[in-house]
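Please keep the sequence and the coordinates at hand.

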Amino acid sequence: MDNKPFELANPATGVKSLLPVRAGTIGPQVLDISGLPKDHGVFTFDPAFGATASCESKITYIDGDAGVLLYRGYPVDQLAAHSSFMEVAYLLIYGNLPSAKELDTYRGSITRHTMINESLLRFTNGFHHNAHPMAMVSAVVASMSAFYYDSMDIHDPRHREIFSHRIIAKLPTIAAAAHKHALGQPFIYPRNDLAYCANMLNMFFAVPCEPYEVDPVAAQALDLLFILHADHEQNASTSTVRLAGSTGTNPYAAISAGVSALWGPAHGGANEAVLDMLEEIGSAANIPKFLDMAKDKSSHFKLMGFGHRVYKNFDPRAKIIREMCHKVLAKLGQTDNPLFELALRLEEIALKDEYFVSRKLYPNVDFYSGIIYSALKIPRSMYTVMFAIARTVGWVAHWLEMISDPAMRIGRPRQLYTGPTQRDYVAVAKR
Ligand code: ACO
């Protein structure tokens, strides 16, 4: 790749200087502008970071034009077809696929950390019964820093590893506690004889008064969805985790910030919003009306589950999940699923519409995931929590990558100031 420096002239002095150009292992070249303030006295203006690489990373690669997603170099469709969520978690965090022994040890450690301190359970019980579970989860995750301070030295690699196992292991338990609290049902403790997703389903759906068998189809479907949601490079919630973590705050605080960022409907909250939208549309006859609303900039309505900052082609995860919907619904005996039929029709019509075609708006990961969650009887308010459980792996991988980099500095964007120039204070009586 040609790394010819980029020539830049200072408009005030006319002095020319060269901006270094950096090349990753794949992907477009990147101009290193970090010397601009010192050498030229200027900043760059890039609201919403559409043109800015905020860090160097070795974890995940996306080619948005080609619809490619790689975790540590492995295509996500290969991982979805052959791997498991635990294996993908190991891959994202440690950088390579584990040997059979490494995977076994990793699984064992995650399994042994699934219980949460009883006081954390009592926190959950203090919430209003209809609190949104994302509110409960972000609060309980932040509270973990008050319980697990035996291993919170961010400069100690072993402490960081213990944290990473604890948070990934305990997130499903915290989510299940939030779910049971909303239902008013007793909390179900984790079972170490079950795999990650099966244990989660058991904590969600078992009750103390009768036996409950986890449906392997449901556990497998969830595992696959978790693989697809595990990481997505510098998205809003991951960047939030990195920015919060760059202050040196404890990792639970940083992950809690990520949970809160994920909750927004423009990000992970879209999976819940898609199902609300499909229900509101109601039938295929109403699709044109809703597409018109999505095109009308004054309506504030967007086609939820459509569009992406990086993908200007099919989101590869959406393709896999759409395929998965057919298989999972068939296996669960739910082939007649009106919301899935409506979603398929909506995709078909939108992808022929000039507005969506010209803007390269395709279904994203959230468009079909809610159909699977609803088929698994997971309540709608828990969909974004499911996303958070899976994405915790990515947040942890990015936090670890950042903290273990000796060159890490606090994240601190600059601004283009457009407020008043300096003026003198006027006493209240004279205003
Ligand atoms: N419905 C209607 N119009 C849309 C949509 C949509 N879903 N998405 C983008 N557009 C329009 C924009 O209004 C803009 O139009 P314009 O050029 O006439 O001004 C154009 O398409 C380009 O979009 P951007 O605003 O540049 O997209 P941006 O990168 O800022 O936002 C986002 C991406 C937030 C995902 C947006 O597409 C959106 O809000 N989608 C719906 C919510 C959603 O599904 N979010 C989940 C994303 S995936 C994830 O986070 C897990």
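The second largest pocket has a volume of about 380 Å³. A pocket here is an open set of points on a 1 Å grid over the protein atoms alone, with protein on both sides within 12 Å along at least five of seven lines, and its lining residues have an atom within 4 Å of a point. Grid points are joined across faces, edges and corners, and a volume is the space filled by probe spheres set on the points. Seventeen is the number of lining residues, and Ala80, Gln220, Leu224, Met324 and Lys327 are the closest to the centre of the second largest pocket. The model is predicted, so that local features need pLDDT of at least 70 and side-chain atom pairs count only at pLDDT 80 or more, whereas totals for chains, interfaces and linings use all residues. Residues are numbered from 1 along each chain as its sequence is written, and side-chain values use heavy atoms, with hydrogens and water left out.

At least two lining residues of this pocket come from each of helix H2 (76–82), helix H9 (216–229) and helix H14 (316–331); helices are DSSP runs (H or I, at least four residues) numbered from the N terminus. The lining comprises 9 nonpolar, 3 polar and 5 charged residues. In this classification Ala, Val, Leu, Ile, Met, Phe, Trp, Tyr, Cys and Pro are nonpolar, Asp, Glu, Lys and Arg are charged, and the others, Gly among them, are polar.

H14 also packs against helix H17 (residues 365–375), at an angle of about 20° and with the axes 8 Å apart. Axes are lines fitted to C-alpha atoms, for helices over the stretch in contact, and angles run from 0 to 180 degrees between N-to-C directions. H14 is therefore roughly parallel to H17, a term for angles under 35 degrees. On the H14 side, the contact (heavy atoms within 4.5 Å) includes Met324, which is also among the residues closest to the centre of the second largest pocket. From H17, Val365, Tyr368, Ser369, Ile371, Ile372 and Ala375 take part. The contact of H14 with H17 has 11 nonpolar, 1 polar and 2 charged residues.

Helix H7 (residues 157–183) packs with helix H5 (residues 118–125) at about 40°, their axes lying 9 Å apart. Leu121, Thr124 and Asn125 of H5 meet Ala177, Ala178 and His181 of H7, and this contact has 3 nonpolar, 3 polar and no charged residues. Helix H4 (residues 100–112) crosses H7 at roughly 65°, and the two axes come within 8 Å. Here Tyr106, Ser109 and Ile110 of H4 touch His165, Ile168 and Ala169 of H7, giving 4 nonpolar, 2 polar and no charged residues.

What lines the largest cavity? A cavity is a set of grid points where a 1.4 Å probe fits but cannot get out. The largest cavity holds about 30 Å³ of space, and the residues lining it are Met115, Ile116, Glu118, Thr173, Phe187, Tyr189 and Pro190. By class they are 5 nonpolar, 1 polar and 1 charged.

Conventions
Parallel < 35°, antiparallel > 145°, perpendicular 65-115°, else oblique.
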